[in-house]
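User: I have a model open here and would like to go through how its inside is put together. Could you take me through it?

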Amino acid sequence: IRENPELVSKLSGIPYRSFEHVLDTCTRSLTTEPPPSRQSPSPTLHRIAVSMELSRRIVTATGTQRLEGYAERYMDNFVPWIKSHGGWVSDPVTGGSQSIQISLKSSFILVI
């Protein structure tokens, strides 16, 4: 994304509805089949992971706080599913690692 200044410029100025549409379209196309190397325990969990990664890339590339807010707002779509699976717990980042692990209280673990 960063290597395309025109794309960064367009993404920086999009309204929430367009941001939502981009994520919906990309996550649908990327989550129709789980990766062949490992099976996702849930299609919704897979969609959450793809949404988080795509949002992270867009926010990082544009550096736009407004888009960070959009990403948080978009993730609210998954709150009912997360609650129905026992909620979530965020583990602190350990020893210099850049990943954050979110463990759903049921048997799922999502590593970002």
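User: Which residues touch the most other members of the largest nonpolar core?
Analyst: Of its 19 residues, Phe-19, Ile-48, Ile-58, Leu-67, Tyr-74, Met-75 and Phe-78 do, where a nonpolar core is a set of buried Ala, Val, Leu, Ile, Met, Phe, Trp, Tyr and Cys residues joined through side-chain atoms within 4.5 Å, and buried means under 20% relative accessible area with a 1.4 Å probe, protein chains only. This is a predicted model, in which local features need pLDDT of at least 70 and side-chain atom pairs count only at pLDDT 80 or more, while totals for chains, interfaces and linings use all residues. Residues are numbered from 1 along each chain as its sequence is written, and side-chain values use heavy atoms, with hydrogens and water left out.

User: What does Phe-19 contact, leaving aside neighbours within four places in sequence?
Analyst: Phe-19 is in contact (heavy atoms within 4.5 Å) with Ile-14, Ser-55, Ile-58, Leu-67, Tyr-70, Ala-71 and Tyr-74.

User: Switching topic, is Ser-42 buried or exposed?
Analyst: Ser-42, found in the loop between α2 and α3, has 7% relative accessibility and therefore counts as buried. A polar atom of the Ser-42 side chain lies 3.2 Å from the backbone nitrogen of Thr-44.

Methods: Buried means under 20% relative accessible area, exposed over 50%, partly exposed in between (1.4 Å probe, protein chains only). Helices (H or I, at least four residues) and strands (E, at least two) are DSSP runs, numbered from the N terminus. A polar contact is a pair of N or O atoms within 3.5 Å; within protein, one must be able to donate a hydrogen and the other to accept it, and residues adjacent in sequence count only if both atoms are side-chain atoms.
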